[in-house]
Amino acid sequence: MPQTRTEPAFALLVRPGGTFRIIDWPSIPADRQHLLRATIECDRYTVADITADLSLWIDDEGLMVESPEINLPATAIHARYGNPHQFYCGNALFTGGTDSEGETLGLTKDQVLELIESLTEFSNQIPFQRTKN
């Protein structure tokens, strides 16, 4: 039986310019699929497992489109925790790792704050959350 969390779970959307949005992570897997496509703004996505507790979701075709917008903040966050094998393009969504059933977990509040702190280190300025798309 999947383990359930009692605390809220989140995802962190990081755009190429460094702006971000904290998103409530859905408890229903089908809703997660919709959220991934909508926030990354793509039809096909892929995941880079950075650590056991941190994953990065990106457009699977991001490097193949004309004039891709490189997401340096997301690439820099990945570099802080692991060794990225490429630059990431377009919107990036950070989530937690997976549970024993293979379901993607959301981030804890502390994980979100740590990622936001990473953004400030990358840009030398305090980024701010955007509430509108």
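This is a predicted model: local features need pLDDT of at least 70, side-chain atom pairs count only at pLDDT 80 or more; totals for chains, interfaces and linings use all residues.
Where is Asn 83 found? Asn 83 sits in the loop between α2 and β5.

Five strands make up an open sheet, and if you step across it you meet them in the order β2-β1-β5-β4-β3, with antiparallel pairing. The edges belong to β2 (20-24) and β3 (45-51), each of which pairs on one side only. Going from one strand to the next, the twist averages 25 degrees.

Now take a look at the β2 end. Here β1, covering residues 10-14, pairs with β2 in the antiparallel sense, and five bridges link the two. Pick out Val 14 and you'll find that its bridge partner in β2 is Phe 20.

Next comes the helix. Helix α2, made of residues 72-81, packs on the sheet and touches β1, β3, β4 (54-59) and β5 (92-95). The direction of α2 makes about 35 degrees with that of β3. Several residues of the helix are buried: Pro 73, Ala 74, Thr 75, Ile 77 and His 78. At the start of α2, Asn 71 holds out a side-chain oxygen that comes to within 2.9 Å of the backbone nitrogen of Ala 74.

That brings us back to the loop between α2 and β5, with Asn 83 in it. Is Asn 83 buried or exposed? Asn 83 counts as exposed, because its relative accessibility is 69% and the cut-off for exposed is over 50%. Asn 83 and Ile 50 lie 33 residues apart in sequence, yet their C-alpha atoms are 8.1 Å apart in space.

Key:
Residues are numbered from 1 along each chain as its sequence is written. Side-chain values use heavy atoms; hydrogens and water are left out. Two strands pair if DSSP finds at least two bridges between them. Helices (H or I, at least four residues) and strands (E, at least two) are DSSP runs, numbered from the N terminus. Axes are lines fitted to C-alpha atoms, for helices over the stretch in contact, and angles run from 0 to 180 degrees between N-to-C directions. Contact means heavy atoms within 4.5 Å. Buried means under 20% relative accessible area, exposed over 50%, partly exposed in between (1.4 Å probe, protein chains only). A polar contact is a pair of N or O atoms within 3.5 Å; within protein, one must be able to donate a hydrogen and the other to accept it, and residues adjacent in sequence count only if both atoms are side-chain atoms.
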